[in-house]
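I opened this notebook to keep track of what I looked up in one structure, entry by entry. The notes begin with the chain as a whole and then turn to pairs of elements and single residues.

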Amino acid sequence: MHFYLVGLIGYPVGWMYIFAPVWRMIFGDTNWLLPSVMYGFGLWLFAIGGITFVAGLPFFLNFTGITWVALVGHVLYGVVMVAVLAIMDRKRGGQ
């Protein structure tokens with residue numbers, strides 16, 4: 001259940017209200033692809049590097065195969081999530 005809440009609410013809110021404004025403040029208005037990849041990488045660091053350790057699992061899951069699958073998954077999630085948000089923003093007029 002927490003994956004749904006984090007994936008559908010937490011990560012998008014983190015993008016819209018924390019990461020994207022800070023990115024724009026530092027780098028200005030850029031294409032969304034690079035920041036979305038960086039955001040996905042940051043999600044991976046947080047989830048696999050931090051949360052798993054707090055949960056009592058090995059740090060970065062001992063860098064086994066699932067660690068790298070999770071990296072690809074988190075980066076893809078970041079790109080797809082930001083692409084969807086960009087499409088939604090365009091459809092409502094870019095406000």
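The entries below record what I looked up, in order.

**Entry 1: the chain as a whole**

I note at the start that this is a predicted model, and I read every value below with that in mind. I counted the elements and found 3 helices and 0 strands in the chain, which run α-α-α from the N terminus on. I looked up the extent of the chain and found that its C-alpha atoms fill a box of roughly 45 × 30 × 20 Å, taken along the principal axes. The chain has 95 residues, and 29% of them count as buried. I also looked at contacts between residues at least 6 apart in sequence, and 59% of these join residues at least 24 apart.

**Entry 2: α1 against α2**

How do α1 and α2 pack, and at what angle? I found that helix α1, residues 2-27, packs against α2 at an angle of about 120°, with the two axes 11 Å apart. The two helices are therefore oblique to each other, since angles of 65 to 115 degrees would count as roughly perpendicular and those over 145 as roughly antiparallel. Their crossing is right-handed.

I then listed the residues that meet here: on the α1 side they are Tyr11, Gly14, Trp15, Phe19 and Trp23, and on the α2 side they are Leu34, Pro35, Ser36, Met38, Tyr39, Leu43 and Ala47. Sorted by class, this contact of α1 with α2 has 10 nonpolar and 2 polar residues, and no charged ones.

**Entry 3: α2 against α3**

I looked up the next pair in the same way, and found that the axes of α2 and α3 come within 7 Å and cross at roughly 140°. That angle makes α2 oblique to α3, because only angles over 145 degrees count as roughly antiparallel. The crossing of α2 and α3 is right-handed.

**Entry 4: Thr52 in α2**

Is Thr52 buried or exposed? I first placed Thr52 in helix α2, which spans residues 33-54. Its relative accessibility is 10%, so Thr52 counts as buried, the cut-off being under 20%. A polar atom of the Thr52 side chain lies 2.4 Å from the backbone oxygen of Ile48. Leaving out residues up to four places away in sequence, I found that Thr52 touches Ala47, Leu57, Pro58, Phe60 and Leu61.

**Entry 5: two residues of the loop between α2 and α3**

I turned next to backbone angles, keeping in mind that most residues other than glycine have a negative phi. Phe60, in the loop between α2 and α3, has a phi near 50°, a positive value in a residue that is not glycine. Phe63 is also placed in the loop between α2 and α3, and its phi is positive too, at about 55°, although Phe63 is not a glycine.

Which of these is buried and which is partly exposed? Phe60 counts as buried, at 9% relative accessibility, whereas Phe63 is partly exposed, with a relative accessible area of 42%.

Met81 has its place in helix α3, residues 65-91, and counts as buried at 9% relative accessibility. Beyond residues up to four places away in sequence, Met81 touches Tyr11, Pro12, Trp15 and Tyr39. I also looked up the spacing of Met81 and Thr67, which are 14 residues apart along the chain, and their C-alpha atoms are separated by 21 Å.

Tyr77 lies in helix α3 as well, but it counts as partly exposed, at 25% relative accessibility. With neighbours within four places in sequence set aside, Tyr77 is in contact with Gly7, Tyr11, Pro12 and Leu43. Tyr77 and Lys91 are 14 residues apart in sequence, and I found 21 Å between them in space, C-alpha to C-alpha.

Conventions
Residues are numbered from 1 along each chain as its sequence is written. This is a predicted model: local features need pLDDT of at least 70, side-chain atom pairs count only at pLDDT 80 or more; totals for chains, interfaces and linings use all residues. Side-chain values use heavy atoms; hydrogens and water are left out. Helices (H or I, at least four residues) and strands (E, at least two) are DSSP runs, numbered from the N terminus. Buried means under 20% relative accessible area, exposed over 50%, partly exposed in between (1.4 Å probe, protein chains only). A polar contact is a pair of N or O atoms within 3.5 Å; within protein, one must be able to donate a hydrogen and the other to accept it, and residues adjacent in sequence count only if both atoms are side-chain atoms. Contact means heavy atoms within 4.5 Å. Axes are lines fitted to C-alpha atoms, for helices over the stretch in contact, and angles run from 0 to 180 degrees between N-to-C directions. Angles under 35 degrees count as roughly parallel, over 145 as roughly antiparallel, 65 to 115 as roughly perpendicular and the rest as oblique. A crossing is left-handed if the near helix is turned anticlockwise from the far one by less than a right angle, and right-handed if clockwise. Ala, Val, Leu, Ile, Met, Phe, Trp, Tyr, Cys and Pro count as nonpolar, Asp, Glu, Lys and Arg as charged, and the others, Gly among them, as polar.
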